[in-house]
Amino acid sequence: IKNNFTVQDIPHLFANTPGVYVTTDGGAGMGDSKVRIRGFDEQRIAVMINNIPVNDPESKKVYWSNWGSLPASSQSIQIQRGVGSSLYGSGALGGSINVITKDAAVNPSLGFSSSLGQNKIMKYGFDYGSGLLGNKSFIARFNYLEGNGWRKNTFYRGLQYYFSAMLFPNENNTFKFILHGAPQYHAY
């Protein structure tokens with residue numbers, strides 16, 4: 001994930017997976033991405049974040065622009081191609097995608113990043129990890145992203161945030177609190 005991520009929505013991280021096809025309306029992959037698995041669109045794919053379904057309950061669509069903080073905050077991504085069964089909710093005819101977000105690290109960390117690209121794409125980021133503080137730890141990540149796609153009128157500007165706090169009351173239990181989002185303005 002770390003080697004493939006730049007500024008695009010999370011589907012672009014698994015675009016090279018056999019049987020997975022990723023498109024973008026504006027050409028930049030910022031807020032307008034779509035994914036298909038074996039020819040089936042998101043309405044027939046179960047998309048989950050930390051094992052929690054995120055498909056819209058009525059239309060079954062997935063709006064990747066709502067999950068802009070995920071590419072920088074993902075720990076692992078699992079893709080199942082083909083029919084899957086489910087004990088709860090609807091089965092996934094085309095396949096399923098499960099994104100697991102990062103846990104707070106044991107060691108403290110601080111980082112800054114910036115990326116520049118074609119079509120006036122700019123991304124600035126800040127990461128902080130508290131490290132283990134007694135029986136708790138947390139991480140915070142903020143990114144600002146702005147740019148255009150290759151098509152006319154595909155402007156995107158947004159903030160992406162991710163906060164994860166973990167509490168370890170004993171060696172058998174872990175409590176995890178996650179807050180993430182991506183308020184944005186774009187042409188779509």
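1. A search of the whole structure, which is a predicted model, finds four aromatic pairs. Rings of Phe, Tyr and Trp (its six-membered ring) are paired if their centres lie within 6.5 Å; planes under 30 degrees apart count as stacked, over 60 as edge-to-face and the rest as tilted. The rings of Phe138 and Phe163 have centres 5.8 Å apart and planes at 35°, so this pair is tilted. Phe138 belongs to strand S9 and Phe163 to strand S10, so the pair ties together parts that are 25 residues apart in sequence. Strands (E, at least two residues) and helices (H or I, at least four) are DSSP runs, numbered from the N terminus. Ring pairs also link Tyr128, Phe138 and Phe163 into a cluster.

2. The basis of the note is as follows. Residues are numbered from 1 along each chain as its sequence is written, and side-chain values use heavy atoms, with hydrogens and water left out. As the model is predicted, local features need pLDDT of at least 70 and side-chain atom pairs count only at pLDDT 80 or more, while totals for chains, interfaces and linings use all residues.

3. Phe138 is partly exposed at 27% relative accessibility, and Phe163 is partly exposed at 28%. A further pair is formed by Phe155 and Tyr185, whose ring centres are 6.4 Å apart with planes at 55°, so this pair is tilted. Phe155 is in the loop between S9 and S10, whereas Tyr185 is in strand S12 (residues 184–186); the pair links distant parts of the chain, 30 residues apart. Phe155 is partly exposed, with a relative accessible area of 24%, and Tyr185 is exposed, at 53%.

4. Contact here means heavy atoms within 4.5 Å. Not counting residues up to four places away in sequence, Ser164 touches Lys102, Ala104, Ser137, Phe138, Ile139, Lys176, Phe177 and Ile178.

5. The count of salt bridges comes to three, a salt bridge being a side-chain nitrogen of Lys or Arg within 4 Å of a carboxyl oxygen of Asp or Glu. Lys176 forms one with Asp103, with the closest N and O atoms 2.4 Å apart. Lys176 is in strand S11 (residues 173–181) and Asp103 in the loop between strand S6 (95–101) and S7; this pair links distant parts of the chain, 73 residues apart. Lys176 has a relative accessible area of 34% and is partly exposed; Asp103, at 35%, is also partly exposed.

6. Asp127 and Arg141 meet through their side chains in a salt bridge (2.7 Å, N to O). Asp127 in strand S8 and Arg141 in strand S9 are 14 residues apart, and the pair links distant parts of the chain. Asp127 is partly exposed, with a relative accessible area of 27%, but Arg141 is buried, at 11%. Arg44 forms a salt bridge with Asp41, the closest N and O atoms being 3.1 Å apart; Arg44 is partly exposed at 40% relative accessibility.

7. The largest nonpolar core has 16 residues, and those with the most contacts inside it are Ile10, Phe14, Val20, Val35, Val47, Trp64 and Ile97. Strand S1 (20–24), strand S2 (33–37), strand S3 (45–49) and S6 each supply at least two residues of this core, and S3 gives the most, with three residues. Such a core is a set of buried Ala, Val, Leu, Ile, Met, Phe, Trp, Tyr and Cys residues joined through side-chain atoms within 4.5 Å. Leaving aside neighbours within four places in sequence, Ile97 is in contact with residues including Phe14, Val35, Ile37, Ile45 and Val47.

8. Strand S7 (109–117) and strand S8 (121–129) each supply at least two residues of the patch. Phe142 lies in strand S9 (residues 136–147) and counts as partly exposed at 41% relative accessibility.

Key: Buried < 20%, exposed > 50% of the residue type's maximum accessible area, 1.4 Å probe, protein only.
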